Amino acid sequence: MGYRFTDLTTACQQDWRAYIEHDFVRQLGNATLPEASFRHYLKQDYLFLIHFARAYALAAYKSPTLADLRQAHEGLKAIVDVELGLHVGFCQEWGINEQELAELPEARATLAYTRYVLDTGNRGDLLDLHVALAPCLVGYGEIANWLNAQPSTLRGEQNPFDAWIAMYEGEEFQAAMQAELAWLDARLADVTPARFAELSKIFRDATRLEIDFWQMGLDLSE
């Protein structure tokens, strides 16, 4: 029997839990997160989305099959044509206008994670790139589900961050997460132990960089 995505999370369980259950996430769920921290995160996440789109363009270049090429194309279109627009609208609700977003400098944590993903994709193959992106695409869906399982999580009008949770617990994002898990499981099933060790390192490093991204929001670091 081959490997699965859950084997990646098991291989770096401590880092994975530190990411999923980070103080930023907990405070977002119980409505104690400082609004300045959330705004800082939102602005940097806009920059991350742009690089996420670039990663899908790279995935298209790295695609060995037409099915993979179509998947990368759909991912790129979803970010550029839909998600970035939604994110701009979400930022506007928090008093962040599009001009401010256009002039943002990248925080060090944003630079570190996005460039790591792109460098990993450039050096490796399509599976390397997907594994580097997985803490974001799969992780955000898991975070929304984890928050909903916590008795301390507040929902509705009593939580100003409720719309963020709703976005990632929503049917569209959860379906995208499940599709990515299926893609990863199919590819991981065929890898050797030595190859899995390489992929585990990529996944661990990307997860640690996601932890730093949350901490950036909490600390308001540039």
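## Leucine 84 in helix H5

Leucine 84 sits in helix H5. Helices here are DSSP runs of H or I with at least four residues, numbered from the N terminus. The model is predicted: local features need pLDDT of at least 70, side-chain atom pairs count only at pLDDT 80 or more, and totals for chains, interfaces and linings use all residues. Residues are numbered from 1 along each chain as its sequence is written, and side-chain values use heavy atoms, with hydrogens and water left out.

Leucine 84 has a relative accessible area of 15% and is therefore buried. The cut-offs are under 20% for buried, over 50% for exposed, and partly exposed in between, using a 1.4 Å probe and protein chains only. Leaving aside neighbours within four places in sequence, leucine 84 is in contact with Tyr46, Leu49, Ile50 and Ile79. Contact means heavy atoms within 4.5 Å. Lysine 43 is 41 residues from leucine 84 along the chain, and their C-alpha atoms are separated by 12 Å.

## The largest pocket

A pocket is defined on a 1 Å grid over the protein atoms alone. It is an open set of points where a 1.4 Å probe fits, with protein on both sides within 12 Å along at least five of seven lines. The largest pocket holds about 770 Å³ of space. That volume is the space filled by probe spheres set on the points, with grid points joined across faces, edges and corners.

Lining residues have an atom within 4 Å of a point. The largest pocket has 26 of them, and the closest to its centre are Ala78, Glu83, Glu172, Phe173 and Ala176. Helices H4 (35–62), H5 (66–93), H8, H9 and H10 (171–188) each give two or more residues to the lining. H5 gives the most, with 10 residues. By class, the lining has 17 nonpolar, 4 polar and 5 charged residues. Ala, Val, Leu, Ile, Met, Phe, Trp, Tyr, Cys and Pro count as nonpolar, Asp, Glu, Lys and Arg as charged, and the others, Gly among them, as polar.

## Helix H9 and its buried face

In H9, the residues Asp162, Trp164, Ile165 and Tyr168 are buried. Seen down the helix axis, the buried residues of H9 fall within an arc of 160°, so they line one face. The arc is taken from the directions between the helix axis and the C-beta atoms. An α-helix has 3.6 residues a turn, so residues three or four places apart point the same way. The buried residues of H9 pack against H3 (23–29), H4, H5, H8, H10 and H11.

Aspartate 162 belongs to H9, which spans residues 162–169. Its relative accessible area is 17%, so aspartate 162 is buried. Not counting residues up to four places away in sequence, aspartate 162 touches Leu154, Arg155 and Gly156.

## Aromatic pairs

Rings of Phe, Tyr and Trp (its six-membered ring) pair if their centres lie within 6.5 Å. Planes under 30 degrees apart count as stacked, over 60 as edge-to-face and the rest as tilted. The count by this rule is 26 aromatic pairs. Tyrosine 19 and tryptophan 214 are stacked, because their ring centres are 6.2 Å apart and their planes lie at 25°. Tyrosine 19 is in helix H2 (residues 13–20) and tryptophan 214 in helix H11 (residues 193–219), so this pair ties together parts 195 residues apart in sequence. Tyrosine 19 is buried at 0% relative accessible area. Tryptophan 214 is buried too, at 0% relative accessibility.

Tyrosine 140 and tyrosine 168 form an edge-to-face pair, 5.0 Å centre to centre with 85° between the planes. Tyrosine 140 lies in helix H8 (residues 126–148) and tyrosine 168 in helix H9, so the pair ties together parts 28 residues apart in sequence.

## Loops and positive phi

Most residues other than glycine have a negative phi. Alanine 31 has a positive phi, near 65°. Alanine 31 lies in the loop between H3 and H4 and is partly exposed, with a relative accessible area of 24%. Leucine 220 also has a positive phi, about 60°, although it is not a glycine. Leucine 220 lies in the segment after H11 and is partly exposed at 40% relative accessible area.

Alanine 149 is in the loop between H8 and H9. Its relative accessible area is 55%, so alanine 149 is exposed. Alanine 182 is 33 residues from alanine 149 along the chain, and their C-alpha atoms are separated by 23 Å.
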